[in-house]
Amino acid sequence: MRLTLRLCKGTIHWRQKKQWEKKAQFRDVPVTLSKEVTKKIPDIEIHDPTVRPPFPKWQPPVDDIRFQAPPKLEDHRLYKQEEVYKMTSQTRFIEGLKQACILTKSQHFKGLPPGISSLVGKIEFPDQDLLVQRAIMHSKFWNPTKDKLQRRFDTANLRWHFPREYGIPRYKGGRILLNNLLHLCQSVSGQVPSTLMERHLIPNPHLYTHYFYKGKMVVMDSLQDYMTASKTELPPFGDKALIEDSVNYEVPDMFPLLPTIDFEKSHLYEVKNSYGWVNKSSTHCPQTIFKVESSYWPFEPRVSRDAMLCLGYAMVHAKHKYGNDVKILPEPVSIQCIDVNVDSICFIFFQLNTLDLDNLDGVKNFLWYDADTKLYSVTLSKPWLGKEHEKTVYHSYESGPFQKMLATYIYGCPETKHIHL
Amino acid sequence: MAKILLKPILTELVPMAPNSILKSFFHNSATANGKIKFILQGIDLSKKTLKPLPLPKTGGRGPDGRIWNHRCGGGAKQRYRQVDFVRTAQKNGPAVVERVMSVLYDPCRTADIAVVAGQEQKRYIIASENMKPGDIIKTSVDIPLVPIQAKEGDAYPLGALPLGTVVHNVEMYPGEGGRYARAAGTCAIILRKVQDTCILKLPSKRELVVSKNCMATVGRVSNVDHNKEHIGSPSRARWFGIRPKSGLWHRKTGYAGRKIKEKKGCIIGKKKEPEPSTYKLTL
């Protein structure tokens with residue numbers, strides 16, 4: 001091969017490139033001045049010539065919603081500088097009943113209070129059990145809604161593929177059941193006319209109150225399904241001797257947790273006390289709260305949440321009655337709550353004796369609860385076991401829960417005095 | 001005119017900081033930790049919750065869309081629980097006391113996790129071997145002269161614990177959260193203390209040299225029998241999201257002239273100083 005000029009040039013170009021890569025690299029060591037220089041001129045400012053000035057902030061060419069900055073929290077109309085605890089109907093207490101008892105400063109009893117347990121089974125109407133069973137069937141099957149339900153899975157056979165089910169969702173079923181049961185309760189008005197004459201059933205009452213726990217504000221904001229209000233208050237569940245005995249009761253401790261662990265911290269709130277009315281009406285005494293629960297919570301978080309709501313209603317009524325700065329009430333205020341699920345009913349009875357909730361000494365409030373009362377029981381289908389287990393079966397109806405509900409509904413009416421005797 | 005013509009040439013010649021060019025969307029710390037999945041969904045990971053977060057399947061693909069790991073694919077749907085690996089307390093103050101509320105299964109890791117609550121904080125931590133609901137656990141940052149005889153589940157700095165103690169969730173740099181011995185049934189052992197450092201034996205038999213202020217939890221990680229569990233069938237492995245091997249790889253031995261690699265030295269937990277950035281000139 002003849003060595004031409006072109007042939008030699010080709011290699012030179014490649015070598016130049018390689019050389020350039022090695023020689024044209026240098027490290028950017030930060031600029032340091034010697035001590036002698038810094039001693040002479042201590043306040044010297046070093047300007048790095050390689051650092052570029054920052055780019056100017058980009059401005060949108062057109063005024064459009066896409067380019068606008070999100071609104072600030074400080075600009076909200078409810079914004080306040082002080083941070084508070086906020087409780088809604090979604091807050092679930094991690095310690096359950098114990099936590100609710102500390103927050104409401106109450107002594108708890110299992111079962112119904114003596115005034116109501118004496119009323120259970122005393123008043124009846126014809127075909128009572130049949131009509132209650134019809135109400136259950138209405139909430140489970142006889143409504144024409146066909147919504148997409150949650151896919152089922154069984155822990156006994158995790159890989160079993162259940163077909164998609166369409167039917168009545170949990171909240172809607174519970175609401176239908178509550179409506180029907182309330183309708184059945186109202187049918188007693190022939191025997192107890194004051195339930196119809198003196199009472200007022202209010203749909204979707206809104207509770208908005210606040211109180212101070214250990215020097216920090218707790219705001220309660222919740223929407224209930226129904227509430228009954230009357231001209232007169234409910235008679236107290238516990239007598240005076242029980243109130244005096246409660247001084248010796250010690251509320252359980254939950255160290256190392258604080259009872260405010262589950263509250264949300266918020267800057268958006270109002271300072272007001274209201275339980276539904278704008279102006280004072282003739283039926284201004286709240287008596288019974290009705291709530292539909294759609295979640296799969298067990299009874300303890302439900303009871304503890306409802307106890308707090310009862311405290312809220314009782315507190316607002318006491319403040320309207322005795323003034324905002326009242327601590328020990330001259331007469332107790334009592335509220336009851338009925339919490340309805342698709343298949344069970346919880347009963348909560350709350351009696352407010354004091355509003356001095358900062359410390360756990362002295363007189364306590366009272367809390368009765370009768371929970372885990374199932375209307376019926378269900379055996380779910382297990383198709384992998386055979387043909388007999390293909391269908392879900394609803395069985396063993398119990399009449400007790402509705403009798404309790406009827407007793408709580410008529411409690412406080414003047415006609416019931418004859419029944420007690 | 002001359003100025004306008006020279007402008008594009010000058011911009012190429014003027015050395016620019018390479019970080020600004022190379023730092024693209026992909027290769028940053030957020031993607032390396034797998035956080036990009038949550039950032040794209042609009043979830044703020046700095047706010048810690050007990051609520052399980054939605055975790056989309058990657059199929060072994062990285063954020064650039066290419067396969068990074070060939071052994072991933074399919075599996076049951078999982079949700080991510082934000083486990084807190086940091087155990088801290090106030091210096092020269094009282095120890096932080098917490099209570100174990102429940103011990104749960106986590107699909108994203110082999111070990112079990114525990115719900116722990118204290119004061120006004122609820123969080124997930126990695127459960128130790130004998131942890132059960134109702135237990136009370138402590139954390140302290142102080143190093144006393146006499147070593148502490150600690151209970152299982154408590155967290156102390158390595159300098160405060162006696163030699164030979166079994167620990168897990170060991171930090172590499174103080175205050176950054178545990179990094180070593182977090183898998184099911186694993187533990188590290190404190191071998192010796194030299195001046196301000198502690199030397200540990202890791203589950204991989206390698207040695208770790210870290211500062212004495214690094215925190216560690218006493219005891220072994222839960223789910224001890226995890227390594228004895230038999231998956232049973234290749235189809236069950238797919239339920240866990242494990243894809244079969246290619247079948248081409250074989251373990252190398254000293255036979256047939258292959259070199260066996262030397263044993264690796266100890267890992268030193270000391271942060272390097274940032275290297276000065278390099279500039280390149282191109283034609």
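Predicted model: local features only at pLDDT ≥ 70, side-chain atom pairs only at ≥ 80, totals over all residues.
Residues are numbered from 1 along each chain as its sequence is written, chains are lettered from A and ligands numbered from 1 in the order in which they are written, and side-chain values use heavy atoms, with hydrogens and water left out.

**The interface**

- Chain B puts 23 residues into the contact, and chain A puts in 21 residues. Contact means heavy atoms within 4.5 Å.
- About 2200 Å² is buried between chain B and chain A, and carbon and sulfur atoms give 58% of that area. Buried area is the accessible area (1.4 Å probe) that two parts lose on being put together, summed over both.
- Gln119(B), Glu120(B) and Tyr279(B) supply 30% of the area that chain B buries against chain A, more than any other three residues.

- Three salt bridges are counted between chain B and chain A. A salt bridge is a side-chain nitrogen of Lys or Arg within 4 Å of a carboxyl oxygen of Asp or Glu.
- Glu120(B) and Lys265(A) meet through their side chains in a salt bridge (3.1 Å, N to O).

- Strand β1 (residues 25-27) of chain A and β16(B) run antiparallel and are joined by three bridges. Two strands pair if DSSP finds at least two bridges between them.
- Gln25(A) stands opposite Lys280(B) in β16(B).
- Strands (E, at least two residues) and helices (H or I, at least four residues) are DSSP runs, numbered from the N terminus.

**The sheet in chain A**

- Seven strands of chain A form an open sheet, in the order β3-β14-β13-β12-β11-β9-β6, with mixed pairing.
- β3 (106-110) and β6 (199-203) of chain A stand at the edges, each with a single partner strand, so one side of each is left without a neighbour in the sheet.
- From one strand to the next, the twist averages 20°. Axes are lines fitted to C-alpha atoms, for helices over the stretch in contact, and angles run from 0 to 180 degrees between N-to-C directions.
- Strands β13 (residues 344-354) and β14 (residues 365-374) of chain A pair in the antiparallel sense over seven bridges. Ile345(A) stands opposite Thr373(A) in β14(A).

**Helices on the sheet**

- Helix α6 (residues 170-186) of chain A lies across β6, β9 (226-230), β11 (285-292), β12 (328-340) and β13 of chain A. Helix α6 runs at about 140° to β11(A).
- Helix α10 (residues 400-410) of chain A packs on the sheet, and its direction makes about 35° with that of β13(A).
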